[in-house]
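Hi,

Here is the structure I promised to pass on. My notes on what turned up follow below it.

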Amino acid sequence: MNWEDYEKKLRELGYKNDDLAAIKPAFEFAQKTHTGEKRASGEPYITHPIAVSLNVASLKIDASAIAAALLHDVVESQGVKIEELKKRFGGEIAFLVGALTKAERVQYRGVERAVESLRKMFLALAEDIRVVIIKLMDRLHNMETLSYLLPEKQKRIALETLELYAPLADRLGMWEVKARLEDLAFPYVYPDEHKWMLTQTKHRKDEEEKYLKNLKPVLEAELKKDSVEPLQIIYRAKHLYSIWKKLVKKYEMNFDRITDLVAMRIILKNNEDCYRTLGVIHKLWRPIPGKIKDYIALPKTNGYRSLHTTVFGPDGKKIDIQIRTKEMDEEAEHGIAAHWFYESEGKKSATKKLDDRRFAWVRQLQDWQKAHSGTSHAETLSALKIDFFKDRVFALTPKGDVIDLPEGATPVDFAYHVHSEIGNRMSGAKVNGKMVPFSYSLKSGDSVEILTQKNKKPTSDWLDFAKTSIARQHIRSYLKKAGAGYPLKKGKEKFEAVATARDRVGLLKDFSEVFAKLGINILDVKLDSKNKLYPKTIFYFHPKKGLPNSKLLMALKQVKNVEAVVIKEVK
Ligand code: MN
């Protein structure tokens with residue numbers, strides 16, 4: 001693509017002369033630098049940074065981010081020095097490119113290197129959200145062109161995408177990106193399941209689309225009578241991977257229970273039109289009780305806004321309908337990016353950091369990084385997966401602030417996430433007005449009040465209750481300072497369970513569930529991936545009274561893909 005075509009695309013997306021003047025030198029430099037270099041597909045390499053930068057531009061982020069996207073591989077693949085970029089393009093763009101460049105080649109290899117590059121990315125995420133947005137767009141294009149790589153590489157990259165990049169996009173509210181990443185990774189990680197899903201959905205999808213298409217004029221005519229003019233009515237097939245996950249989790253693989261392969265989405269000018277449209281639809285088709293959701297008046301904790309309803313259409317067929325404004329729609333697709341854009345609009349030099357409470361965890365990451373600076377890479381990665389990418393629980397402080405925690409978190413985690421001093425002085429906890437034990441598993445929507453006492457101190461038991469590494473780190477450092485026999489209580493034996501299993505998505509979660517079901521608290525998890533295909537997961541735990549370890553052994557052996565389990569005492 002030449003500059004003229006590229007410029008035209010950017011103008012269509014709303015970029016102005018100033019922006020283009022800033023982007024053009026980066027475009028030319030990238031083109032010159034990548035001359036002669038080829039992608040695995042055989043295409044000129046420059047097609048990649050161009051595609052990534054256009055993806056970034058579609059999120060309407062600033063010119064520096066687009067320039068950085070164009071330049072994101074010049075250091076890595078052509079050895080351009082960051083210093084040179086600084087001279088040519090200034091500190092901001094050089095910083096972004098530096099953060100996007102993987103660790104030095106000689107320093108790390110294989111998995112270690114991948115982990116190090118992730119670690120770098122997370123560090124940058126806390127500093128400047130644009131880095132991660134560009135990185136996600138980079139991953140998206142790499143996934144789109146994954147078929148050209150060797151099978152072994154394909155599998156690893158696709159798995160990493162499912163386990164880290166898709167959840168990351170999800171946590172950033174970039175749901176559209178998340179769904180695309182998952183659908184691209186699906187056939188590589190679960191080839192047989194993917195094939196099966198394709199044959200199952202093909203016929204029904206076409207049918208449902210046709211059905212909804214026929215309803216469009218009917219709905220439009222009704223809306224017109226109420227003088228509502230929708231900006232757009234679209235039918236969207238649900239994403240394949242998300243349907244498959246639903247099948248596994250909720251529907252016992254019974255495909256007939258999936259009723260909503262295709263959903264109708266109506267985009268309107270303002271909130272009033274949204275509510276009027278909902279009224280018109282309910283006059284036209286009978287709504288299913290309990291399926292009407294007003295996420296405009298009460299947005300989801302992750303910020304999602306929309307009206308949802310499910311109605312019986314002609315022939316008694318169920319139709320899922322989403323009603324929202326254009327702004328809500330963009331926010332749902334672009335997430336943090338849309339948010340960042342709206343916030344920084346008009347105040348160009350404004351800080352690039354986020355102040356929104358929804359994204360408070362982005363700032364938590366910075367503390368988290370510091371806390372883990374001494375630990376090994378594999379450990380960091382497995383802790384990261386638990387702390388940030390496990391399913392989330394949103395609990396509330398008495399003032400209504402949202403505290404975002406991983407599933408299984410307890411009041412101890414909550415207290416430390418509010419403030420380390422509150423954690424250190426915690427004497428008890430009330431959930432929804434009732435006293436609960438320290439081991440209580442928090443649920444979304446729980447209102448949590450932490451009781452404190454001046455001379456209360458953490459004890460090593462607390463390590464059993466704390467599930468997040470932030471809380472554990474605080475407790476440990478307190479115990480260390482106090483010289484309190486960390487990490488073991490006297491007389492309490494500690495065991496390790498080493499499970500060797502063929503790596504797959506959800507493995508860690510399945511293991512955690514076994515421990516949870518037996519009521520055993522995991523003290524720590526480590527990952528040993530010397531054998532890439534069959535990594536070892538190591539769990540540390542105190543045995544539960546009256547429960548022989550053989551029970552745990554048997555239960556762990558029954559987890560899918562597990563080859564061997566060994567349990568022994570740690571001296
Ligand atoms: Mn790249």
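A word on terms before the metal site: donors are N, O and S atoms within 2.8 Å of the metal (3.2 Å for Na, K and Ca), and water is not among the atoms, so sites may look incomplete. This is a predicted model, in which local features need pLDDT of at least 70 and side-chain atom pairs pLDDT 80 or more, while totals for chains, interfaces and linings use all residues. Numbering starts from 1 along each chain as its sequence is written, and side-chain values use heavy atoms, without hydrogens or water.

Along the chain, the donors of the manganese ion follow the spacing H-x23-H-D-x64-D. His-48 sits in helix H3 (residues 47–58) and Asp-73 in the loop between helix H4 (63–71) and helix H5 (74–78), so this pair ties together parts 25 residues apart in sequence. (Helices are DSSP runs of H or I, at least four residues, numbered from the N terminus.) The protein donors are His-48 (NE2), His-72 (NE2), Asp-73 (OD) and Asp-138 (OD), at 2.2 to 2.5 Å from the ion. Both His-48 and Asp-73 are buried, meaning under 20% relative accessible area with a 1.4 Å probe, protein chains only.

Then have a look at helix H10, residues 151–171, where Thr-161 is found. A kink of about 40 degrees is centred on Thr-161; the bend is the angle between axes fitted to the seven residues ending there and the seven starting there. Thr-161 is buried, at 0% relative accessible area, and 15 of the 21 residues of H10 are buried. Just after H10, Gly-173 has a positive phi of about 75 degrees.

Best wishes

Note on methods:
Helix = DSSP H or I, 4+ residues; strand = E, 2+ residues; numbered from the N terminus. Buried < 20%, exposed > 50% of the residue type's maximum accessible area, 1.4 Å probe, protein only.
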